[in-house]
Amino acid sequence: MSVRTYLLAAGAFAVGTSAYVVSGVLPAVSGELGVSLTAAGQLATAFAIAYAVGAPLVSTLAGRWDRRTLLVAALVVAAVGNGLSALATTYPLLIVGRIIAALGAAAYTPAATLVATAMLPPAQRARAVGIVFGGLTLALAVGVPAGDLLGSRIGYGGVFGAVAVVTALVAATAPLCLPRLPAPPAVPLRGRFAVAADWRVLTALAMTVVNVLAAMVVFIYVAPLLNATGGIHGATVALLLLIYGIGAMAGNVWGGRAADRFGAVPTLFALLGGSVITVAVLSPAGSTIVGAAVVLALWAVFSWAFNPPMQSLLLELAPTGGMVLSLNASAIYLGTAVGGLVGGIVIGAGGLLALPLLSAGFGLVVVALLLTLQLGRRRVAAENVVA
């Protein structure tokens, strides 16, 4: 893999930290602004909704920009949003900052993924996606624990300010390393969304939404959940988040390699089974630090290995790529948004300990969707052979 691929991953790290660091600074936001943990968790929801709506729109509006210009502009917007978040002293202004940061991320991630896959032969495509998404998992491994540790010391403003600086540095470096990459041929708006009319693509996108929902309904509230299951708090939570992030990084790399070797669908079935089992035992395992560490690491591996084979599957279904990757990015953050909302509702109705079992249930829904997709594809293939 080239240095350029890793630079794209660095940008993904910057925008990924912007997205996921909220999980680490929830206590700081709640304490400094005097809002509930559930309200603070809706910062992730606002970011996710803005991303979900923004990804396909930005892909269309900036469709004629060369890819380097688009990537740099996206990083600049993300830096501005995080800078505003750092300066925000009220909850509404903080929401606005998160929305602006999300729009930058929405422009960046699909474009970076498509550029990475375009620079390599098809046999290495899933691996390239894995490297770019490795930046997002590194954000989990480093950004979220750092947010948890630093939030109590420098406040959420200091944390978001640091994210803004990192994002700006990557934006300044990108023009020096990336060549000008021409935009893909212009496609009318109706043509861009035509891929979504394919039931196979819709089913795959639904899988992404529900899978991310299953993960985020727990992850957004993982710090208070660990405190509820085993009285785990403070620096120990940051350590467990670091372990989760390392597991996510390993899963992301493994998922890409497994998809290239065994195919997207078999890999997805294996990953979903592992994810369902591990998250289902999170609450009892979380009664001890060692148990929580083991289960969080395994759950992270299975959950984050999902992205490369899913994107590889989508590129099989829609080989032209660009719009389907934007839609998948929207699906990821739609799942995040719904996860934050559902998690808040469940906490109010049934308590934190209900979240892992709910997550496992959503995981089984993803298995059912994948089975439906695969059976449908085989039926269509058989009908084509007969015809």
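# Helix packing, by question

Me: What share of the protein's contacts with a separation of 6 or more comes from residues 24 or more positions apart?
Reply: This is a predicted model: local features need pLDDT of at least 70, side-chain atom pairs count only at pLDDT 80 or more, and totals for chains, interfaces and linings use all residues. Residues are numbered from 1 along each chain as its sequence is written, and side-chain values use heavy atoms, with hydrogens and water left out. A contact means heavy atoms within 4.5 Å. For contacts in the protein with a separation of 6 or more, the share from residues 24 or more positions apart is 85%.

Me: How many helices and strands does the protein have?
Reply: Helices (H or I, at least four residues) and strands (E, at least two) are DSSP runs, numbered from the N terminus. By that rule, the protein comes to 16 helices and zero strands.

Me: What percentage of the 387 residues is buried?
Reply: Buried means under 20% relative accessible area, exposed over 50%, and partly exposed in between (1.4 Å probe, protein chains only). Of the 387 residues, the buried share is 57%.

Me: What is the distance between the first and last C-alpha of H8?
Reply: The expected span of a helix is 1.5 Å times one less than its number of residues. H8 has 21 residues, and its expected span is 30 Å. The end-to-end reach is close to that, at 30 Å.

Me: How many of the 21 residues of H8 are buried?
Reply: H8 is largely enclosed by the rest of the structure.

Me: How is H8 oriented relative to H14?
Reply: Axes are lines fitted to C-alpha atoms, for helices over the stretch in contact, and angles run from 0 to 180 degrees between N-to-C directions. Angles under 35 degrees count as roughly parallel, over 145 as roughly antiparallel, 65 to 115 as roughly perpendicular and the rest as oblique. The axes of H8 (residues 199-219) and H14 (residues 307-317) come within 10 Å and cross at roughly 165 degrees. H8 and H14 are therefore roughly antiparallel.

Me: Is the crossing of H8 and H14 left-handed or right-handed?
Reply: A crossing is left-handed if the near helix is turned anticlockwise from the far one by less than a right angle, and right-handed if clockwise. H8 and H14 cross in a way that is left-handed.

Me: Which residues in H14 meet H8?
Reply: From H8 come Arg 200, Val 201, Ala 204, Leu 205, Met 207 and Thr 208. Their partners in H14 are Met 310, Leu 314 and Leu 317.

Me: How do the residues of the contact of H8 with H14 divide?
Reply: Ala, Val, Leu, Ile, Met, Phe, Trp, Tyr, Cys and Pro count as nonpolar, Asp, Glu, Lys and Arg as charged, and the others, Gly among them, as polar. The contact of H8 with H14 divides into seven nonpolar, one polar and one charged.

Me: Which residues does Thr 208 touch, not counting those up to four places away in sequence?
Reply: Thr 208 sits in H8. It is buried, because its relative accessible area is 1%. Beyond four places in sequence, Thr 208 touches Phe 306, Met 310, Asn 328, Ala 331 and Ile 332.

Me: How are H10 and H14 placed relative to each other?
Reply: The axes of H10 (residues 235-262) and H14 come within 7 Å and cross at roughly 40 degrees. H10 and H14 are therefore oblique.

Me: Which residues of H14 make the contact with H10?
Reply: H10 and H14 have axes that come within 7 Å. H10 supplies Asn 252, Gly 255, Gly 256 and Ala 259, and H14 supplies Asn 307, Pro 308 and Pro 309.

Me: How many residues of H14 are buried?
Reply: Among the buried residues of H14 are Ser 312, Leu 313 and Leu 315. H14 is largely enclosed by the rest of the structure, because the buried count out of 11 is 10.

Me: What relative accessibility does Gln 311 have?
Reply: Gln 311 is in H14. It touches Thr 113, Val 129, Phe 133, Leu 325 and Asn 328, leaving out residues up to four places away in sequence. Gln 311 counts as buried, because its relative accessibility is 4%.

Me: How far apart in space are Ala 318 and Asp 198, C-alpha to C-alpha?
Reply: Ala 318 lies in the loop between H14 and H15 (322-350). In sequence, Ala 318 and Asp 198 are 120 residues apart. In space, their C-alpha separation is 9.1 Å.
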